[in-house]
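Here is a short briefing on one protein model.

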Amino acid sequence: MNERYSRQQLFAPIGEEGQKKIREKHVVLIGAGALGTGNAEALVRAGIGKLTIIDRDYVEWSNLQRQQLYSEADAKERLPKAIAAKRRLERINSEVKIDAIVGEADAEQLESLAVEQRPDLLIDATDNFDARMIINDVAYKYGIPWIYGACVGSYGLSYAFIPGRTPCLYCLLETVPQGGLTCDTAGIISPAVQMVVSYQVAEALKVLVEDWAALRGKLVSFDLWTNEYAAIRIDAVKRDDCPTCGHRPSYPFLSYEHQTKTAVLCGRDSVQIRPSSRRQYDVNELASFFRRQGLRAEANPYLVSVSLGAKRLVVFADGRALVHGTKDVNEAKTIYYRYLG
């Protein structure tokens, strides 16, 4: 018995055979915020074989209250979350192969991973339903289980979607919800995060050891502040005409027109802009370009941050940009194209 995982292996539903299966599995984690860091640390400590982390953002001071892998140094450096998480996780368990992708979890990225690497599980740790609908389509198109999780305030919910066995997220929602409360508008307490993480990781371990009968099979929701809890079966919402899991699936959220190119980030005074074609910048050259225009620019190997009075422009090496200090998409585009063409 491997001493490192001995207590986990003593748990009968996992055992030595289950531990071997965990060690052979590849999980793709979409999002490295509060839920993402909690899931990542638990899976790495459990001895997953490979973990791929995808995140588009960088560490900020407001993250440190609940995003457990990050430090003040990461926030000072504005380090991309995927990179900061990878560095910390490798110090926790050097046996796990960890890939960090600084970028958007768009259809192209997720389909490429699904086809080329055939992951065993997708875990949702995002903060928007556009991304979740893409995850949902990729999961059902390629037959990959995925685990949904969300939390805000003291409230959280989770569900394990299993292609061929359960209805999909499209069945549950029918349309992508717009707006609503977020942790940036309603706040969040860390126990709600940890509770959702616990539900997600428990279902993940069941999937990884292939104990399908043990899966909860219910959508669980709770409010830790008002002491409410519910678990409901959603089998009845499955639709034969669903475009994702129905008889004639078309996977609509994998099509180009459904992929958001410009978006106000969830609950924040920030707009993300993705260029229509992929770009690749040398961040040091880009920082020099801004400085020659008399602007204050700070760079690390992954991004450039430029102060523009009350606004701030952050440009990633892959061409994506965040315009902080506005929710006006047109204003953000004007700033972006003024400097980046």
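Contact here means heavy atoms within 4.5 Å. By that criterion, the buried residues of helix H10 pack against strands E11 (297-300), E12 (303-308) and E13 (311-316) and against helix H11 (329-340). The model is predicted. Its features are grouped below by topic.

**The sheet**
- An open sheet is built from 8 strands, with mixed pairing. Their order is E3-E2-E1-E4-E5-E6-E7-E8.
- Strands E3 (97-102) and E8 (228-232) take the edge positions. Each has a single partner strand, so one side of each is left without a neighbour in the sheet.
- On average, neighbouring strands of this sheet are turned by 10 degrees against each other, direction ignored.
- Strands E5 (residues 146-152) and E6 (residues 155-161) run antiparallel. They are joined by 7 bridges.
- Tyr148 has Tyr159, in E6, as its bridge partner.

**Helices on the sheet**
- Helix H3 (residues 34-46) packs on the sheet. The strands that H3 touches are E1 (26-30), E2 (50-55), E3, E4 (121-124) and E5.
- The direction of H3 makes about 165 degrees with that of E1.
- Helix H9 (residues 190-208) lies across E1, E4, E5, E6, E7 (219-223) and E8. H9 runs at about 175 degrees to E5.

**Helix H10**
- H10 spans residues 283-292. Its buried residues are Val283, Leu286, Ala287 and Phe290.
- Viewed down the axis of H10, these buried residues fall within an arc of 100 degrees, so they line one face of the helix.
- Asn284, Glu285 and Arg292 are exposed. They sit on the face of H10 turned away from its buried side.
- At the start of H10, Asp282 places a side-chain oxygen within 3.0 Å of the backbone nitrogen of Asn284.
- Gly294 follows H10 and has a positive phi, near 80 degrees.

**Arg66**
- Where does Arg66 lie? The residue is in the loop between E2 and helix H4 (72-77).
- Is Arg66 buried or exposed? Its relative accessible area is 12%. Buried means under 20%, so Arg66 counts as buried.
- The side chains of Arg66 and Gln65 make a polar contact (3.5 Å).

Technical notes: Residues are numbered from 1 along each chain as its sequence is written. This is a predicted model: local features need pLDDT of at least 70, side-chain atom pairs count only at pLDDT 80 or more; totals for chains, interfaces and linings use all residues. Side-chain values use heavy atoms; hydrogens and water are left out. Two strands pair if DSSP finds at least two bridges between them. Helices (H or I, at least four residues) and strands (E, at least two) are DSSP runs, numbered from the N terminus. Axes are lines fitted to C-alpha atoms, for helices over the stretch in contact, and angles run from 0 to 180 degrees between N-to-C directions. Buried means under 20% relative accessible area, exposed over 50%, partly exposed in between (1.4 Å probe, protein chains only). The arc is that of the directions from the helix axis to the C-beta atoms. A polar contact is a pair of N or O atoms within 3.5 Å; within protein, one must be able to donate a hydrogen and the other to accept it, and residues adjacent in sequence count only if both atoms are side-chain atoms.
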